[in-house]
Amino acid sequence: MKIKVDDRGYYGNYGGAYIPEMLYPNVEELRQNYLSVMEEDGFKKEFDHLLKTYVGRPTPLYFANRLSEKYGAKVYLKREDLCHTGAHKVNNTIGQILLAKRLGKQKIIAETGAGQHGVATATVCALMGMECVVYMGEIDMARQKPNVERMRILGAGVRPATSGSKTLKDATNEAMRHWINDPVDTHYVIGSVVGPHPYPDMVARFQSVISEEIKWQLKETEHVEDPDYVIACVGGGSNAAGAFYHFFDRDRVKLLAVEAAGHGNETGESAATTVLGKAGVLHGSKTLLMQTDDGQVVEPYSISAGLDYPGIGPIHAHLFESGRAAFYSATDEEAMQAGILLSKLEGIIPAIESAHALAVLDNITFSPDDIVVLNLSGRGDKDLETYIKWGKY
Ligand SMILES: *Cc1c(COP(=O)(O)O)cnc(C)c1O
């Protein structure tokens with residue numbers, strides 16, 4: 001099946017650019033230039049060079065022997081947890097900030113919830129000598145103190161969003177306001193496949209390096225390019241989009257997306273958008289989102305900060321509606337158990353986001369020859385406190 005954005009920025013029924021008129025010139029400049037810049041030889045060379053020498057790509061495609069024995073299939077882990085800064089997010093921030101430089105921008109702004117995207121952005125701004133301002137809800141700043149300090153050590157300014165619920169959506173509003181007031185020399189880095197067109201497509205392309213590598217790495221070890229399954233967790237959906245990208249039109253490859261079910265999808269404390277959401281507009285695009293009957297965004301809940309988002313990117317809304325990807329959800333409990341299992345079986349403590357993807361291995365009956373690639377989006381260092389509080393290890 002072809003999964004491709006159309007000229008208007010839509011994937012099937014989802015996407016587009018629902019933005020205030022004041023923001024139109026900024027987004028339009030990006031839309032007109034992103035593809036031509038990304039296709040320039042010089043741009044590609046610089047991007048690839050940094051992915052190799054700075055991020056540490058290609059990341060290994062690791063055959064997980066003991067995990068494979070347990071699940072009765074050939075389970076490979078795509079080790080995005082070994083990227084510099086500990087997750088896949090840096091692939092995108094490097095891409096966008098290189099692009100911003102090509103467009104003559106000198107300043108970078110971003111918003112962040114848990115602080116992971118803020119840290120990835122501050123890191124690359126330090127690397128490239130760009131001025132960096134990150135907006136973060138006041139409540140999130142208190143909850144995620146180490147990431148706030150990381151950003152400051154890296155030279156970024158962290159500005160609290162003090163309106164509304166003082167969390168991610170308020171930080172997003174502040175960042176947009178900043179961009180409207182400072183459009184000429186500033187680029188706004190969005191951290192997932194969300195936001196107005198062209199962001200979802202641009203971010204998916206930067207993250208597609210993940211599936212590009214999986215293909216040749218599988219060829220080396222299994223002498224085939226297509227696995228039977230690709231599994232990834234979905235917050236906004238960027239690591240999943242990157243892991244699925246080069247398999248979209250390979251219909252025999254089953255794509256499994258895993259959302260966070262929090263305390264359970266019936267408890268009112270969940271972040272499983274495809275189970276609980278309806279179509280609406282969130283952060284500049286038409287997509288599925290969790291909302292009340294009169295259209296107010298519902299606060300999501302997950303133990304994992306990276307999956308605690310009330311929507312999914314439009315590409316995932318389309319993957320869900322078209323049936324090209326199968327959507328699962330894992331509860332806090334299931335994810336924590338899966339994270340501890342991986343630690344004990346393979347000596348890898350995963351990010352709790354990634355542990356949600358691991359949890360669905362329990363729900364599938366594999367044949368012994370099945371090749372399963374699970375995208376391990378990040379490492380668990382940042383989640384140590386949560387593991388300790390959880391205690392059951
Ligand atoms: C941010 C994050 C996610 C969720 O973001 P996506 O855009 O859905 O990939 C998943 N895993 C880790 C480790 C993260 O830091």
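A nitrogen atom of the ligand is 2.7 Å from an N or O atom in the side chain of Ser 377. This is a polar contact, that is, a pair of N or O atoms within 3.5 Å; within protein, one must be able to donate a hydrogen and the other to accept it, and residues adjacent in sequence count only if both atoms are side-chain atoms. The model is predicted, so local features are given at pLDDT of at least 70 and side-chain atom pairs at pLDDT 80 or more, while totals for chains, interfaces and linings use all residues. Residues are numbered from 1 along each chain as its sequence is written, and side-chain values use heavy atoms, with hydrogens and water left out.

Ser 377 is one of 16 residues that surround the ligand, and the closest also include Lys 89, Ser 192, Gly 237 and Ser 238. A residue is counted here if one of its heavy atoms lies within 4 Å of the molecule.

Gly 242 belongs to helix H11 (residues 238-244); helices (H or I, at least four residues) and strands (E, at least two) are DSSP runs, numbered from the N terminus. Gly 242 counts as buried because its relative accessibility is 0%. Buried means under 20% relative accessible area, exposed over 50%, and partly exposed in between (1.4 Å probe, protein chains only). Beyond its neighbours within four places in sequence, Gly 242 is in contact with Gln 207, Ser 208, Ile 210 and Ser 211, where contact means heavy atoms within 4.5 Å.

Phe 244 also touches Ser 211, together with Val 230, Ala 232, Leu 255, Leu 256, Ala 257, His 316 and Leu 319, when residues up to four places away in sequence are not counted. Phe 244 and Ile 94 have the most contacts inside the largest nonpolar core, which has 87 residues. Helix H4 (residues 89-102) gives the largest share of this core, six residues. Apart from it lies another core, of 29 residues, among them Tyr 229, Ala 330, Leu 374 and Leu 376. A nonpolar core is a set of buried Ala, Val, Leu, Ile, Met, Phe, Trp, Tyr and Cys residues joined through side-chain atoms within 4.5 Å. In soluble globular proteins, nonpolar side chains tend to be buried together.

Six strands, in the order S3-S4-S14-S9-S10-S13, form an open sheet with mixed pairing; two strands pair if DSSP finds at least two bridges between them. Its edge strands, each pairing on one side only, are S3 (61-63) and S13 (325-331). Within this sheet, strand S9 (residues 229-233) and strand S14 (residues 371-376) are parallel and share three bridges, with Ile 231 opposite Leu 374 in S14. Helix H10 (residues 209-222) packs on the sheet and touches S3, strand S4 (74-79) and S14; its direction makes about 140° with that of S4. Such angles run from 0 to 180 degrees between N-to-C directions, and axes are lines fitted to C-alpha atoms, for helices over the stretch in contact.

The other open sheet has four strands in the order S7-S6-S5-S8, with parallel pairing. Its edges are strand S7 (157-161) and S8, each pairing on one side only, and the twist averages 25° from one strand to the next. Strand S6 (residues 131-137) is joined to S7 by five bridges, and Tyr 135 stands opposite Arg 159 in S7. Helix H8 (residues 168-181) packs on this sheet, touching S5, S6, S7 and S8, and its direction makes about 160° with that of S5.

S5 and S8 pair in the parallel sense over four bridges, and the bridge partner of Ile 108 in S8 is His 187. From strand S8 (residues 186-189), Thr 186 and Tyr 188 point one way and His 187 and Val 189 the other way, and all are buried. In a regular strand the side chains alternate between the two faces of the sheet.

Thr 112 lies in strand S5 (residues 107-112) and counts as buried because its relative accessibility is 2%. Its side chain reaches the backbone nitrogen of Gly 118 at 3.1 Å, and a polar atom of that side chain lies 3.1 Å from the backbone nitrogen of Gly 115.
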